[in-house]
Amino acid sequence: MEIILILGLFPINLLSRFRIAMSKNILHLDLDTFFVSVERLLDSRLKGKPILVGGLSDRGVVAACSYETRSYGVHSGMPMKMAKELCPEAIRIKGNAGTYSKHSDLVTEIIKEDVPLFEKSSIDEFYADLTGMDRFFGSYKYASELRKKIISNTGLPISFGLSGNKVVSKVATGEAKPNNQLKIDYGLEKTFLAPLSIKKIPMVGDKTYQKLRNLGLRHVRTVQEMPIDVMQRVLGKNGETIWKRANGIDSSPVIPFCERKSISTERTFDKDTIDVVKLRGILIAMTENLAYQLRRGEKLTACIAVKIRYSDFNTYTKQARIPYTSADHILIAKILELFKSLYNRRLLVRLIGVRFTHLVSGNYQINLFEDTEEALSLYRAMDDIRKRYGDKSVLRAVAMGSKTIGRMQNPFNGQPPIVLAHRKQ
Ligand SMILES: [Mg+2]
């Protein structure tokens, strides 16, 4: 009763100040043409030159390209052959996922030192919640100093956007680039977004862009002026979100970066086993399945572990840091390596398991340096089949023989696929 009375007596200007105090200060940081910048760090002769990073064969794919190539119409994800035709003078470099992962971790460590609440949303992108810090330092000043520190400690160019929410900050970073910063003040979000192309709204991909263009929409302003229910009718639930984003409305939280963010699977045997072929087959099946979960969630892992429990209940785990990946063939090889060094007691095994941690968002473009477009298409095709017919509809022959994971059935014997047991998010 007392509290209500006090609030009732609060002067209006204090109430509005309270509201402002409750507003958030969300920072979005994005390393500029990250893979290219790392290459330039390693070889300064590459500075100012047009650079393509990716698979070097004609069937390879562009994983990253420098600003100098963009005026030629080059973009990432494009076949290397086409990029070469568009920009023949470009220097082509086969990337190295391990090197990029290391530099990404370096930046992460600097942010971790200075910001208590941050999210690593991909290998080269971060969100930080600076709410509350403004009282002491001023968020913009704080963000500027953090950016300066990253640049001077790592030598990598990075841009940021600062505003009241993630969406507006991300768009602001895009507008600030290359190697710059931009702050959007409270109340100016709509004005800032209005003249931009609708393509700049996060989540407007090629398909949605075409749909919106067919409706005659080109600039964010037109979406802002449209009634929300028209957007809902045309694009369903997405229409509502896009309308909100166009109006600078977003309440998604910064998800704390956590080393233990993981997916894992394990299996306890009905009867303890010493059959190494069988154990390896199960590990391959587990890894294949978890890798698919990663790709489906557009995640990459940078730390993998194998766990063994012997019949005497002693449990051992071995883990290894790896370059960010979601590619089966890389993960399986590493998991088998770990197993080989871990399983040295020749005792009966009661349980085995696989765990992926240090998850960040990202697609497997990062592994395309060695692979061709065909390899990418093969993964896509296999994952499409899994999406339609279940996790277990496509597998490596060696994993199929083990017929284990989640009482997995041979996909060709007519049994419906069974969802993997023990799966933890
Ligand atoms: Mg970037």
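Student: How many helices and strands does the chain have?
Tutor: The chain contains 17 helices and 13 strands, where helices (H or I, at least four residues) and strands (E, at least two) are DSSP runs, numbered from the N terminus. This is a predicted model, in which local features need pLDDT of at least 70 and side-chain atom pairs count only at pLDDT 80 or more, while totals for chains, interfaces and linings use all residues. Residues are numbered from 1 along each chain as its sequence is written.

Student: What share of the residues is buried?
Tutor: Of the 425 residues in the chain, 39% are buried (20 or more other C-beta atoms within 10 Å of the residue's own, with C-beta atoms placed from the backbone).

Student: And which residues touch the most others in the largest nonpolar core?
Tutor: Leu27, Leu283 and Ile335 do, within a core of 95 residues. Such a core joins buried Ala, Val, Leu, Ile, Met, Phe, Trp, Tyr and Cys residues through C-beta atoms within 7 Å. Helix H14 (residues 276–296) gives the most to this core, namely ten residues.

Student: What does Leu283 touch?
Tutor: Leaving aside residues up to four places away in sequence, Leu283 touches Val306, Ile335, Leu336, Phe339, Ile352 and Val354; contact requires C-beta atoms, placed from the backbone, within 7 Å.

Student: Changing topic, at what angle do H12 and H13 cross?
Tutor: The axes of H12 (residues 228–235) and H13 (residues 237–246) cross at roughly 140° and come within 6 Å. H12 is therefore oblique to H13.

Student: Which residues meet there?
Tutor: Ile228, Met231, Gln232, Val234 and Leu235 of H12 meet Asn238, Gly239, Glu240, Ile242 and Trp243 of H13.

Note on methods: Axes are lines fitted to C-alpha atoms, for helices over the stretch in contact, and angles run from 0 to 180 degrees between N-to-C directions. Angles under 35 degrees count as roughly parallel, over 145 as roughly antiparallel, 65 to 115 as roughly perpendicular and the rest as oblique. Two residues are in contact if their C-beta atoms, placed from the backbone, lie within 7 Å. A residue is buried if 20 or more other C-beta atoms lie within 10 Å of its own, exposed if 12 or fewer, and partly exposed in between; C-beta atoms are placed from the backbone.
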